[in-house]
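Try each task before reading its solution.

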Amino acid sequence: MNDTAYMARAIQLARKGLFTARPNPCVGCVVVNDKQIVGEGYHRKAGEPHAEIHALKAANEKAGGSTVYVTLEPCSHTGRTPPCANALIDAGVKRVVVAMTDPNPQVAGQGLTRLREAGIEVTEGVLQAQAMDLNPGFIKRMRHGIPYVRVKLAMSLDGRTAMASGESQWITGEHARTDVHRYRAASGAMLTGIGTVLADNPSLTFRVEDYPQLQQQIPGDTEQPLRVICDSQLQTPLDANILNQPGRTLIVTLQGKQDVNALRQAGADIIHLEEDNGKVSLSVLLRTLAEREINDVMVEAGAGLAGALLSEN
């Protein structure tokens, strides 16, 4: 096997953290010694050991003199866990192959510099595009200060998203709805507008129990995404389904809207943001979600909010 093959395995491992690693990136690691894989690992959950630590632990004494393949540059700072670059140095690895440098300004090449200064050979850019595909939201948040945004739109062949009456349920089939719940589970936040809340009374949760094919893909401890409602006039009903689901609901309204006690008692968090033509400023909203460490936002809304996001690019 060559560098590409071992990195492909590391990428495969990284995908195991797709539903649980947030707000951290998905990362996989493979330790190779004498042309044999002697340790593997991936980052499962924020606050738990990183991929490199799991792989080094599995390799044990065979980590000495090894080549380590990791999908993202090893961290060089102390966050919730100690620096992985130091762990690799302490383990006595000979070479480190990384798919991409870390877009986090706290790392951004410093991990690789530390490895090189310790005499470890470093190779960069192996399967970089595939590694970037693992974490579009994390990369977007680190580089641009906003999350990666996906908008779900279902459209009939004649270009309609709803009938004239406004009814729009089940334009799609079961396979598409399964995809929707998979995307929900992989998202840090679900975003909708008050119009959708009033018209459809959605829950905006992923429901593995309704889609058996997802039960083997989504771990049981996967957290529900934060549910976010753009509600400039505070019209969310106190008995709305979205307020009575596992996880948290965040209502975003305009500055000056102070009658929030009842909604807070109903379980909602409420923040006040500046307006843009009488509506919540979407650019400010996205920056606010990024500050809350939201990497990926999935939008399930009507034409108003979806169209506004598209028009603002």
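**Exercise 1: a salt bridge across the chain**

In a salt bridge, the side chains of Arg 95 and Asp 3 come together at 2.6 Å, N to O. (A salt bridge is a side-chain nitrogen of Lys or Arg within 4 Å of a carboxyl oxygen of Asp or Glu.) This is a predicted model, where local features need pLDDT of at least 70 and side-chain atom pairs count only at pLDDT 80 or more, while totals for chains, interfaces and linings use all residues. Residues are numbered from 1 along each chain as its sequence is written, and side-chain values use heavy atoms, with hydrogens and water left out.

Solution. 
- Step 1: (Helices, H or I with at least four residues, and strands, E with at least two, are DSSP runs numbered from the N terminus.)
- Step 2: Asp 3, Arg 95 and Glu 121 are linked in a salt-bridge network.

**Exercise 2: the surroundings of Asn 295**

Task: decide whether Asn 295 is buried or exposed, then find its polar partners.

Solution. 
- Step 1: Asn 295 is buried, because its relative accessible area is 5%. (Buried means under 20%, exposed over 50%, partly exposed in between, with a 1.4 Å probe and protein chains only.)
- Step 2: A polar atom of the Asn 295 side chain lies 2.8 Å from the backbone oxygen of Pro 23.
- Step 3: Asn 295 belongs to the loop between α10 (282-291) and β13 (296-299).

Methods: Polar contact = N/O pair within 3.5 Å; in protein donor to acceptor, adjacent residues only side chain to side chain.
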